[in-house]
Amino acid sequence: MNISIDRDSGFCFGVTSAIDKAEEELKRGPLSCLGDIVHNGQEVERLEKAGLHTITYNDLEQMHGGRVLLRAHGEPPSTYATAQRNGINVIDATCPVVKKLQERIRDTYVQHPNAQIVIFGKVGHAEVIGLQGQTDNTAIVIESPDDIQQLDLQRDIYLFSQTTKSVDEFRKIVETINVQRSSLDATHSTTFKYHDTICRNVANRVERLKRFAREQDLVIFVGGQKSSNAKVLFEHCKNANPNTLFISSPDDLPPLNYKLYSLNSKIGICGATSTPLWLMEQIKEKIENEYNVNNV
C-alpha cells in the first residue's frame, strides 16, 4: 500500500492562529475559551489537558474577572458587552477574514437601516450568530434558494455569505434572487447588492480535495462530528470517490480488508479545516503498524 496525507487538508489560517494564540496565552496563566476552540474533539481535549477551560455563554454571564479567548468564528457585540460588564479580559482570536466581514455587515446595517441584510449561511452556526449580532439580530439567514421566499423582493436587499460556504451555491442564491426580482414591476426602484465574502483559502480546497480523492483507491476522511465543514467536505470526497470513509479518530478506523489492495494501491488520508495534521498522522501510523506497511 501507498499511504499519503493530503497536505492541503487541516487547519485553515484562522484556526491555526487561534490555537497558536491559545497556547501562547496559556503560558501566562489560566485561560477559558467560549465554546470549543475548534470543532474537533481530539484537539479540544489536547488543549484542555494543557489548561484551556471551555465555557458556555451561561458561564460567561456568571464569571467575574479572568481571561476568556474568543475563537476564530467571531462573536456578536453582546459577548464583548458581557465581558466588559463582568470585568473579563478578552483575548480576541477572531479570524481576520471573519472580522472584516463583521465590519462590512455592521457598516451596511448602519448606512441602510431600512434594507434587508441577508446572510447565506447555516442557521445557528457560531460564525453566523456573530454576523447576525452586527445587525441587532435583524439579519435574515438563508441556507438555500428555497429560503428566498422569506425575503421581501420589493425592498432593498444586501446579501453576504458565511466565509466557509460554497461559491457555486452562493451564485445560485444570487441568480435565483435576480430571476425572481425580474418578474416584479418595481425592481427599478429597489436595490439588490451582493458581496461574495467566501474565504478563498477554504473554498479552493474543494477542487483540490476532490482531485486528491479521485487519485486514491481508498479515502479516509477525518473530521469532527460537530463540524459542518467536515460534513460538507466529506460529501465532496465521497462524490469524487465512493470508496470514502468518515472517521473522527484512530479508534474509529474499521478493519481494512488489505487483501483487496495490492502493493501499489493508494490510500489517501484527508480532513476538514478543523482537523489537525497530527491526528491524520496518527491514523496513517496506525494503518502502517497494523498492516506492516513500509512507505519509502
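Begin by selecting Cys270, which is buried, with a relative accessible area of 0% (buried means under 20% relative accessible area, with a 1.4 Å probe and protein chains only). The model is predicted, so local features need pLDDT of at least 70, side-chain atom pairs count only at pLDDT 80 or more, and totals for chains, interfaces and linings use all residues. Residues are numbered from 1 along each chain as its sequence is written, and side-chain values use heavy atoms, with hydrogens and water left out.

A disulfide is a pair of cysteine sulfur atoms within 2.5 Å, and a search of the whole structure finds zero. Cys12 is likewise in no disulfide; the nearest cysteine sulfur, in Cys95, is 6.2 Å away.

Now display the second largest pocket, with a volume of about 370 Å³. A pocket is an open set of points on a 1 Å grid over the protein atoms alone, where a 1.4 Å probe fits, with protein on both sides within 12 Å along at least five of seven lines; lining residues have an atom within 4 Å of a point. A volume is the space filled by probe spheres set on the points, which are joined across faces, edges and corners. Of its 25 lining residues, Cys12, Val15, His73, Thr164 and Thr273 are closest to the centre.

Finally, turn to the largest pocket, of about 580 Å³. It is lined by 23 residues, and Lys165, Ser166, Val206, Val232 and His236 lie nearest its centre.

Conventions. Buried means under 20% relative accessible area, exposed over 50%, partly exposed in between (1.4 Å probe, protein chains only).
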